[in-house]
Amino acid sequence: MELFGRAFMSCRVLVLLALLHLVACTNLPTKNQPDTAAERVPATPVRWRVDPACLAAQPQTSGQTREELAARCRSSSQRDLISVALSGGGTKAAVFSGEALFYLDFLGLLGRTSVLSSVSGGSFAGSVYALSCDPDTPCQGVQPHGRERPVWLYEPVMRTLGQGYKELIREQAVRAFMPLVPSTVSAGRFAEIIDRQFLGEGRGGRDPFTFGDLNPARPHLFLNATITSENRVGLGSQVAQAGCWPLPNRGFLRRRTPDEYFHFAFSDLYFGMLKSRVSDYPLASGVAASSAFPALIDFAQLQDYCATKDSERTVLLMDGGANDNQALIEIYMILSELVYGQHRSDLWQLNPRALETLSGQDRAFVIVINSSVTEMTGADVTRRRPFGLIGLLDAVLSKSLAAIDVYSAEGYTLRKQSYLTLADLLRQTQPQAAPVYPSEIALTALDQYVLGGTEAALRGKAQAADAPGADIATAWAERRAERQRRAYDAIVERPEVRDLLRLPSYHPQCYFDMRKALDASLVSLDEQDQACLQEGARWATALRAQEMCDSADPFVARPDGLRCEGGHVVPDPARITRLPPLPSPSRCEQRVQAYLSKPSGAQAIDQRLQCRRL
């Protein structure tokens, strides 16, 4: 028996050592390389005055940039700058963001989007879309490093995004029995998994996809991370050392807000500050840094080749959700540049290009796809999870992620206020400036939707007529409720419109009420949970699009490309095949029926607020 025990332990050690060898040998590089090319252009401005149909039809070559392709497709008639932000939130964010992107494509808006900013779980969906090709387009003929780009097809993409971090968490469980191995997974190992499973559709390659391999017909992609090293304040504001860029100062040209000091985007501008080249950097390493959850993934490390001190040369990055879980900072900075016509950094002087500024005849639309379900509702502590050590890790990490969601709520509120402040300031100081129209696609927006949402409903019911600003708050709540009531009447209770828009047969309230079963899981979602999340994303996107069709409300506008006929939003005929109809019966059917079978603690007075089959 003793001999058997020793043999068993020896086999166990050999297995663990083999796993360790496997882990050590499958890492992507996360260190950026110095840029020594004199002709390097460190900051590329956003190109948005382009004809999207022309972009999609252009022949492509490997390594081509959006700026090069946009030069062939300039369009002075393009007046709407559409930016889309994808929030963080683990696997839930990847699935919710992916479904919302496909629905925006179905409506004809995604192809007109010029800026795509993402963070954490949303970066999985954002990077897959920015790298992918539409079916039967010139993009498919380009194979970077001999690898095929993913194709933007609904079923395979959504299946890929629903995988979650299962492989990573299993590896973390193995590490618990390996005392000589670091407790967190390296960012390079995480990047290898991303490149193989998510970007390569299960097929790895000798050379990873890089930022230079992104589809130039897609929007400008900005993956966002959080700077945690002490040199975050000096980044972009130190005097250049000998051999760095030939500028007296490489700093920002305007005062930055405090959270911008923690902000890092994988872009020409930020890599230019490091005297490096983002086009050579692995795309998966950028996604890994953007979603490097601190309890699971080690810091991603970049090198600042312009730093004057060795102690300031390493830039440490972690999950962007720690600073900006809605990916709004970069969009705000871009809009500030284009509205005021001022570059944010003096790096533009190295190879000047004019900004495509926003004039009074233009409009800016900011669409936030916010997958968070915990900001206003709290996290679920009863959801069933996998058994064993993997389940324990998932529970701990998911609750930590929920805490980040809650923590980010205040920051998100402040950033929304920043957009409104910017819009008000422009109206006051520059009456002819471009208006900014922010909107949000979220599960939380489905709660009491017909009453204007939870916040509007509470404000409308509040007995605070003598409170300061009560008249403004009440007017805001009433206007929002009226707009959402019109959207509800145009879609929800009309079966022919629901069928046209490929919407679920259950009331939107159901998907909010079931939100706690869809919390921030890092392990892959099961088929039913994923189906419920996707159906909720369809409702959230369709209702927000319907609000944009509302010509009766002066505070909303309809962007070019969004079709509205017969009083409701309709799909783009050229993109209608991008989104398949929902299966019948719904894969979410059992979840809804199980929810409806439980007695409700508080029955809705108004039937329009009740979860039910329509």
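In this predicted model, helix H5 passes helix H8 in a right-handed crossing. The axes of H5 and H8 come within 11 Å and cross at roughly 55°, and the two helices are therefore oblique to each other. On the H5 side the residues that take part are Phe124, Ser127, Val128 and Leu131, and these meet Phe190, Ile194, Phe198 and Leu199 in H8. Sorted by class, this contact of H5 with H8 has seven nonpolar residues, one polar residue and no charged residues.

H5, which spans residues 121-131, also packs against helix H10, residues 283-290, at an angle of about 160° and with the axes 10 Å apart. H5 and H10 are therefore roughly antiparallel to each other, and their crossing is right-handed. The contact is made by Ser123, Phe124, Ser127 and Leu131 of H5 together with Leu283, Val287 and Ser290 of H10. By class, the contact of H5 with H10 has four nonpolar and three polar residues, with no charged ones.

How many of the eight residues of H10 are buried? H10 is mostly covered, and eight of its eight residues are buried. The buried residues of H10 include Leu283, Val287 and Ser290, which are the H10 residues that contact H5, and also Ala284, Ser285, Gly286, Ala288 and Ala289. The cover over these buried residues includes the helices H5 and H8, the latter at residues 187-199, as well as strands E2 (113-119), E3 (220-227), E5 (300-303) and E6 (314-319).

**Disulfides**

A disulfide is a covalent bond between the sulfur atoms of two cysteines.

| Disulfide | S to S distance | Torsion about the S-S bond | Handedness |
|---|---|---|---|
| cysteine 510 to cysteine 611 | 2.1 Å | 105° | right-handed |
| cysteine 532 to cysteine 588 | 1.9 Å | about 100° | right-handed |
| cysteine 549 to cysteine 564 | 1.8 Å | -70° | left-handed |

The disulfide of cysteine 510 and cysteine 611 has 105° about its S-S bond and is right-handed. This pair links distant parts of the chain, 101 residues apart, with cysteine 510 in helix H16 (residues 508-513) and cysteine 611 in the segment after helix H18 (589-596). Both cysteine 510 and cysteine 611 are buried.

For cysteine 532 and cysteine 588, the torsion about the S-S bond is about 100°, so the disulfide is right-handed. Cysteine 532 lies in helix H17 (residues 527-548) and cysteine 588 in the loop between strand E10 (568-570) and H18, so the pair ties together parts that are 56 residues apart in sequence. Cysteine 532 and cysteine 588 are both buried.

The link of cysteine 549 and cysteine 564, with -70° about the S-S bond, is left-handed. Is cysteine 564 buried or partly exposed? Cysteine 564 has a relative accessibility of 27% and therefore counts as partly exposed, whereas cysteine 549, with a relative accessible area of 16%, is buried.

Definitions and conventions
Residues are numbered from 1 along each chain as its sequence is written. This is a predicted model: local features need pLDDT of at least 70, side-chain atom pairs count only at pLDDT 80 or more; totals for chains, interfaces and linings use all residues. Side-chain values use heavy atoms; hydrogens and water are left out. Axes are lines fitted to C-alpha atoms, for helices over the stretch in contact, and angles run from 0 to 180 degrees between N-to-C directions. Helices (H or I, at least four residues) and strands (E, at least two) are DSSP runs, numbered from the N terminus. Angles under 35 degrees count as roughly parallel, over 145 as roughly antiparallel, 65 to 115 as roughly perpendicular and the rest as oblique. A crossing is left-handed if the near helix is turned anticlockwise from the far one by less than a right angle, and right-handed if clockwise. Contact means heavy atoms within 4.5 Å. Ala, Val, Leu, Ile, Met, Phe, Trp, Tyr, Cys and Pro count as nonpolar, Asp, Glu, Lys and Arg as charged, and the others, Gly among them, as polar. A disulfide is a pair of cysteine sulfur atoms within 2.5 Å. Buried means under 20% relative accessible area, exposed over 50%, partly exposed in between (1.4 Å probe, protein chains only).
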